[in-house]
Amino acid sequence: MSSSTGRTGTTTAITDIATLVTNDPSLGGGSPRSSKLESGRGSPLGLIRDAAVVIEGDRVVWTGESSKAPATDNRVRADGRAVLPGFVDSHSHLVFAGDRTEEFNARMSGRAYSAGGIRTTVAATRAATDGELEANLTRFLAEALRQGTTTFETKSGYGLTVADEARALRLAAAHTDEVTYLGAHIVSPDYADDPAAYVALVTGEMLDACAPHARWIDVFCEKGAFDGDQARAILTAGKAKGLHPRIHANQLSHGPGVQLAVELDAASADHCTHLTDADVDALANGDTVATLLPGAEFSTRAEWPDARRLLDAGVTVALSTDCNPGSSFTSSVPFCIALAVRDMGMTPDEAVWSATAGGAAALRRTDVGRIAPGAYADLTLLDAPSHVHLAYRPGVPLVSEVWRRGVRVV
Ligand code: NIG
Ligand code: FE
């Protein structure tokens, strides 16, 4: 069989799939904008029941009813399981050392989360060897893969010196193309008395050292981190160096982050917990995805972002883990899906779309997040008859098999 991308190679059919989530708009799927959707009819997921997928090399070349699957070199039976696109975790902070158990314990006894805790991880990360950081990163990636994540973005932001930020990005770039320069996570403690000088470093020497290793530039736009003017200067400098913007916006309070994200055509505004109607309108009228990170609200006992409000306004929503040692120490996209369904007003179909196609949109990718001819063969198989079980059976390790680039990896 020859694929739509012109490749030839070994073909494998995965057959007898109870429910196949394709996210393929040509099957009646597409972005779940504007209406509350039930699983099945009218779903954004482009569902096929009793389905098969055919893989050739690293790509999907065919989807359809199992009984109509073409002849292939190999055949794998999914035996009544569900198959989804591998999760696209478009927001994580995985290059760090140490943990913040004590801070978490204090929060669970009533203390509020603040950006200041980032300094604890900065100190531990600076003190760590390359080998220690690499070992941590590899451990979290293996954890995420076992839970169905096949594409992930990750950031620097716990180094805050030229050498430590560049080191974090270099380590990350060995594992993913989706690397984000976050020198502007907080003002480095070394510049506590002169934030303007730190912004000059982030937009100057540090940017020069980091840009070759990164695709994206991010800034934590928040009280206690960077204000709107500083964030604009940082993202604009990054754009001039060929990096694309994304923003930590409106996490802990109302602020200018979301409006700035849309103004600068950022791929994503992340967190979006505290939004005005004008923020929601701006997102609905722009091309910036709202990435919601319920692990952060869970782990900081904060108010949930209102996914329903965003979806009803026509905003494209992504769901990601924000995995980091301070505000959200989970690598589990299934856990985030369950939270989003239970507490953020999403249907199971919407949450699964947001954790796959939504994550891809937040990374401006069309080759992942869907199971359709031409896309990478990144697949997650569940020990369950449908994707709905991710929310229906929270906390249960349902992921039974993971394929990445056409190869079974779990
Ligand atoms: O996305 N908000 C800023 N950064 C992280 C938290 C980092 C930390 O507390 O270490 C976040 O939640
Ligand atoms: Fe984050």
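The buried residues of helix 2 pack against helix 4. Here a residue is buried if 20 or more other C-beta atoms lie within 10 Å of its own, exposed if 12 or fewer, and partly exposed in between, with C-beta atoms placed from the backbone. Helices (H or I, at least four residues) and strands (E, at least two) are DSSP runs, numbered from the N terminus. In helix 2, which takes in residues 118-127, the buried set includes I118, T121, V122 and T125. These residues cover an arc of only 105° around the axis, which puts them on the same side of helix 2; the arc is that of the directions from the helix axis to the C-beta atoms.

This is a predicted model, so to speak of local features pLDDT of at least 70 is needed, and side-chain atom pairs count only at pLDDT 80 or more, while totals for chains, interfaces and linings use all residues. Residues are numbered from 1 along each chain as its sequence is written, and chains are lettered from A and ligands numbered from 1 in the order in which they are written.

Stepping back to the whole protein, the secondary structure comes to 14 helices and 16 strands. The radius of gyration is 21 Å, close to the 22 Å that the globule rule gives for 410 residues, so the protein is as compact as a globular protein of that length. That radius is taken over C-alpha atoms, and the rule is 2.2 Å times the number of residues to the power 0.38. Along the principal axes, the C-alpha atoms fill a box of roughly 70 × 45 × 40 Å. Of the 410 residues, 58% count as buried.

An automatic or database domain assignment gives domain 1 (11-86 + 370-408) and domain 2 (88-362). Their C-alpha centres lie 29 Å apart. The contact between them takes 28 residues from domain 1 and 24 residues from domain 2, where two residues are in contact if their C-beta atoms, placed from the backbone, lie within 7 Å. On the domain 1 side, strand 5 (82-85), helix 14 (389-392) and strand 15 (399-404) each give two or more residues. Strand 15 gives the most, with three residues.

Then there are the annotated sites. UniProt, in an unreviewed entry, lists H91, H93, H248 and D322 as "binding site"; its positions are given in the numbering used here, feature names are shortened, and annotations may be inferred rather than shown by experiment. These four are spread over 232 residues of sequence, yet they cluster in space, with a largest C-alpha distance of 12.1 Å. H93 is found in the loop between strand 6 (87-89) and helix 1 (101-108), and is buried, with 28 C-beta neighbours inside 10 Å. H248 lies in strand 10 (residues 244-249) and is buried as well, with 31 such neighbours inside 10 Å.

The UniProt record, again unreviewed, also places "binding site" at Y158, N324 and G326. They span 169 residues in sequence, yet no two of their C-alpha atoms are more than 11.2 Å apart, so they gather at one spot. Y158 sits in the loop between strand 7 (149-155) and helix 4 (162-173). Leaving aside neighbours within four places in sequence, the contacts of Y158 include T121, V122 and T125, which are among the buried residues of helix 2. N324 belongs to the loop between strand 13 (317-319) and helix 12 (333-343).
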